[in-house]
Amino acid sequence: MGALQRASAAAARTMISTQIAVVGAGLMGHGIAQIFLAAGHKVALYDPDERVLEGVRDKIADIFDLLGQDKSALENLNCYSDLPSTVRDADLVVEAAPENLQIKRDIFASLSENCKETAVLATNTSSIAVQKISEGLPHSNRIVGAHFWNPPHLVRLVEVVQSDQSDTAAIDFAMDLLQRAAMQPVHVKRDIPGLIGNRLQHAMKREAIALVESGVCDAETVDKVVKLGFGSRLGVLGPLEQSDLVGLNMTLAIHQQLMPELDRNPFPSELLQQKVRRGELGMKSGKGFREWTEESAQKVRDRLRDHLVEQAKLRLREHES
């Protein structure tokens, strides 16, 4: 048994004392820190900007209040603007820096030099291959992907990504730790662009935009069909479960008729490109596929937040029971 395997087994037996380091205290980073604090772990949180660190404890406290959790866990949080001090004792490091390959490579080069040899190093990237981040770095076998969804403290899914170099023990350690922290990790066995969730999400967006672009319907109709139709069951019935439910013979029959008609454009829609060129960027500009006022946009944000909070509280209660 190698050092990583031995450390993973030992940490699994004493999971409550696991030391976590989070690199980046922005929207994703402070939410990830809260998840591990709530699970009883000690968390070291790093950000190079002292101004960000000044307010981050209050932001994490707000999350505890939002979810009705005990804020005394904040006693286990330490904040740093020095990266080596942040990560030197960590068993797991989660990088939540900007989505820039060179920035991430620089961070992981530093992690390789300053972390314990048994530490598992995870990147929160959703679009950059783990292989590109770890390529040529020492200890690349303990570098994995850990894609938290936004906001991480409300969306419980984490896609744990295995690159060609990732040690199975590192994957197992990360998934076990996340599971114990009331998250729902899934194992992505190939390091592919978009992972699982974003590939599915943007495949649907491509067809949705194509329907509007070809004049089949307007954007409001697309959204209504998704929310009131198949979207209403997606929270409890995945697409392959639904296929098994109705029968694969029916799924095949539908595919034989439908697949030749679906949009297969390998490039972004021209309609989407035109809107971006015109500055029609969505809620932040007042117009995207639909027209938005600040009031109507805020109603959507509030509706989404309230729904996610309700679902997060339900999952936490289920985890505790």
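In which sense do strand 7 and strand 8 pair, and over how many bridges? The model examined here is predicted: local features need pLDDT of at least 70, side-chain atom pairs count only at pLDDT 80 or more, and totals for chains, interfaces and linings use all residues. Residues are numbered from 1 along each chain as its sequence is written, and side-chain values use heavy atoms, with hydrogens and water left out.

Strand 7 (residues 157–161) pairs with strand 8 in the parallel sense over five bridges, pairing being assigned where DSSP finds at least two bridges between two strands. Helices (H or I, at least four residues) and strands (E, at least two) are DSSP runs, numbered from the N terminus. In strand 8, V186 stands opposite E159. The open sheet is formed by eight strands in the order 3-2-1-4-5-6-7-8, with mixed pairing. Strand 3 (77–80) and strand 8 (184–188) are the edge strands, each pairing on one side only. Neighbouring strands are turned against each other by 25° on average, direction ignored. Axes are lines fitted to C-alpha atoms, for helices over the stretch in contact, and angles run from 0 to 180 degrees between N-to-C directions.

Helix 3 (residues 50–67) packs on the sheet and touches strand 2 (42–46) and strand 3, with its direction at about 155° to that of strand 3. Contact means heavy atoms within 4.5 Å. Helix 5 also packs on the sheet, touching strand 1 (19–23), strand 4 (92–95), strand 5 (120–123) and strand 6; its direction makes about 170° with that of strand 5.

Helix 8 (residues 197–213) and helix 13 (residues 270–277) pack with their axes 9 Å apart, at an angle of about 85°. Helix 8 is therefore roughly perpendicular to helix 13, a term for angles of 65 to 115 degrees. I209, V212 and E213 of helix 8 meet E270, L271 and L272 of helix 13. By class, this contact has four nonpolar, no polar and two charged residues. Ala, Val, Leu, Ile, Met, Phe, Trp, Tyr, Cys and Pro count as nonpolar, Asp, Glu, Lys and Arg as charged, and the others, Gly among them, as polar.

The second largest pocket has a volume of about 310 Å³. A pocket is an open set of points on a 1 Å grid over the protein atoms alone, where a 1.4 Å probe fits, with protein on both sides within 12 Å along at least five of seven lines; lining residues have an atom within 4 Å of a point. The volume is the space filled by probe spheres set on the points, which are joined across faces, edges and corners. Of its 20 lining residues, A96, A97, P98, E99 and K104 are the closest to the centre. Helix 2 gives the most to the lining, with three residues.

The peptide bond from N150 to P151 is cis, with omega near -5°.

Conventions:
Parallel < 35°, antiparallel > 145°, perpendicular 65-115°, else oblique.
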